[in-house]
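I set out to record what I looked up in this structure. The entries are kept brief.

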Amino acid sequence: MNKLVLGSAVAAALGLSAATASAATLDDVKAKGSIQCGVSQGLPGFSNTDDAGTWTGLDVDFCRAMAAAIFDDPEAVRYTPLSAKERFTALQSGEVDVLSRNTTWTMQRDTALGLNFAGVTYYDGQGFMVRRDLGVASALELSGASVCTNTGTTTELNVADYFRANDMPYEIVAFEKADEVVQAYDAGRCDVYTTDASGLYAQRLKLTNPDEHMVLPEIISKEPLGPVVRQGDDQWFNITKWVYFALVNAEELGVTAANVEEMKGSNNPAIKRLLGVEGAFGEAIGLENDWAARVIAHVGNYGEIFERNVGPDTPLGISRGLNALWSEGGIQYAPPIR
Amino acid sequence: MAVQDGIESSQKASSFIYDPKVRSLFSQAVLIAVLIWLGYSVVQNTIANLERQNIASGFGFLDTTAGFAVGQSLIAYSEASSYGRTFVVGLLNTLLVSVIGIAIATVLGFIFGIARLSNNWVISKIAYVYVEVMRNLPLLLQIFFWYFAVLRSVPGPRESITVFDSIFINNRGLKLPKPLYEPGAGLVGISILVAIAAVWLLRRWARKRQMATGEQFPVFQWAVAILFGLPLVVFYLTGSPVSFEYPELRGFNFQGGLTIIPEFVALLLALSVYTGAFIAEIVRAGILAVSRGQTEASYALGLRPGPTLRLVVIPQALRVIIPPLTSQYLNLTKNSSLAVAIAYPDLVSVFAGTTLNQTGQAVEILGMTLAVYLTLSLLTSALMNWYNRRVALVER
């Protein structure tokens, strides 16, 4: 009896390891019927649940775009909310298929963690938020301040670098969850709240009196945020990369959710290739040829996603800035589909 | 003849198979072999998977520069220190809160455990409410409660509550004057040790004398006099070699002096109040386990309730109290890892948190962290087992 139980336990353990060992994420995803997408535990504008409990945001829309490309159904996504600390382990262990969780692309993460960054869906930088009544106008006046931040983020390292480089003493208070950082800052535990500038604007909405707080002008780091996949599955990496490129190319070519059907009849060969009217680009990444048309029909192009979630008309009110297309003064740029 | 031989040998073989001793040995050997193989294959699988996924492994990262700051450190630490040092910093912070927490929880537990048995209705009901409320609320919730209660109820640095112009309380922590040691301070330290040794000897001598002659000696009054008197005399004779650095409000906050961060206070309060409620129940159970006859006999001998409790009841109750008390101590140590929720930089927050995330080496770091908690727990229980053997009933 004992042996039987043990035997089945062993078999189960081996079965599990065999499942993680298989490299073809696309096949797994198709078999499951949905993408498992790692998102944040609640960052307005990027990944957050609305009143109805639906996930919304720029990072969420990226997952929906991938689901649209694969299943022609943007709802075929299951979300796993992850803390900054858990996110890489969750991806490495196969718990999520793609991590779309405002994650900064760094060399160490790209090389030593067995991960691949598929692109930059949002160019960000780290900033500081303080109470207006402190009378601080620049980050260089923050000597001796208490700084609240998240553990397990590049933020923690940047703030250390910045204060060291400027020879300013400071006290760090690092929490695991973003909500706790906001609460502690709101309760007056810290003078300064630091995270990516987009996050500051988003979290400011959660404060008791958002108007009493201001974001300082200094941006102290480069924070290219983007979707991440595991190394060792080039097909899945390609799909992730090209879904992002398709979103940017669509904006550049003027293809929107509203006009995508009409654009299929366009004379522009670049648009024809993007929408799968010409060529077999979808097949090459294991999808249908109209993969990009599905993406745009369901979630819109990059510009539409940006405006809907974080743009000037949203509570976050972030202007395009660096995230404008390269042709419009920004640095969002995608290789051509040909 | 040949037929009989055959029967005999088959009987031997069958008796070998059906021998319960052989069978149990065999099944145990199989079990051990399977367990070893299971462990081995788990390790092999992990190594193979890490390699296949190009994830860095090994302990080389411990020498790499950490590059991040830690809010509270008992040893010298800066951003230029190594990841290995973050481990020590986190470990010491865990030990600090655990050891002080255990001490406070024990005191609270004994006070409320005894109070619950009090004949005074108000006192026993207060203890009852304390135990029932604290024991039945989730610890994490209590930690948040204390943290935000501490943070919200005290003012900001510029409106600090000031005590004697040298102690300041604000939402950045408790600021105390920091002692600065000058030459001669060592002698004061030695005099404190001498005083402690003297009190111990005095106590032994007083007890011996009481055993021999029945005369009591006012040990407590003398102990206080020696403990405070001797170091004070030495302090003034050496020309006051200890001065204090007072915290000063500069810029955002007080600079200089010693700081006790609010995260530490909140965690310590939550852990000790929560565990104290459990210890109170253990103490109550221990005291109730001592037969009523013991108390009555003690009263009959003319002892008052205080000495009865101290000399008759508690020493016997300890035999019942110590084993479950040990598991409460272990619980407190392990629960201290909830610190991560309120930014107290303990081992889990600093090492299994930030360091893990910066290096990505989950297997090694979690392995080390697990080993630490296991070691701490085993050490605590070894210590308590030793104490248990000392107080256990010696049967003659």
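The entries below concern domains, a helix, an interface and a sheet.

**Conventions.** I worked with a predicted model, in which local features need pLDDT of at least 70 and side-chain atom pairs count only at pLDDT 80 or more, while totals for chains, interfaces and linings use all residues. Residues are numbered from 1 along each chain as its sequence is written, and chains are lettered from A and ligands numbered from 1 in the order in which they are written.

**Domains of chain A.** I noted domain 1 (24-123 + 225-323) and domain 2 (126-221) in chain A; such bounds come from an automatic or database domain assignment. Taken over C-alpha atoms, the centres of these two domains of chain A are separated by 29 Å. I then looked up the contacts (C-beta atoms, placed from the backbone, within 7 Å): 17 residues of domain 1 of chain A meet 15 residues of domain 2 of chain A. The side of domain 1 of chain A that touches domain 2 of chain A holds nine nonpolar, seven polar and one charged residues. Here Ala, Val, Leu, Ile, Met, Phe, Trp, Tyr, Cys and Pro count as nonpolar, Asp, Glu, Lys and Arg as charged, and the others, Gly among them, as polar.

Helices (H or I, at least four residues) and strands (E, at least two) are DSSP runs, numbered from the N terminus.

**Interface.** I found 41 residues of chain B in contact with 39 residues of chain A. Helix 2 of chain B gives the largest share of the chain B side, eight residues. That side divides into 18 nonpolar, 18 polar and five charged residues.

**Sheet in chain B.** I recorded an open sheet of four strands, order 1-2-3-8, with antiparallel pairing; strands pair if DSSP finds at least two bridges between them. Strand 1 (161-163) and strand 8 (258-260) of chain B stand at the edges with a single partner strand each, so one side of each lacks a neighbour in the sheet. Strand 1 and strand 2 (residues 167-170) of chain B pair over three bridges.

How values were computed. Two residues are in contact if their C-beta atoms, placed from the backbone, lie within 7 Å.
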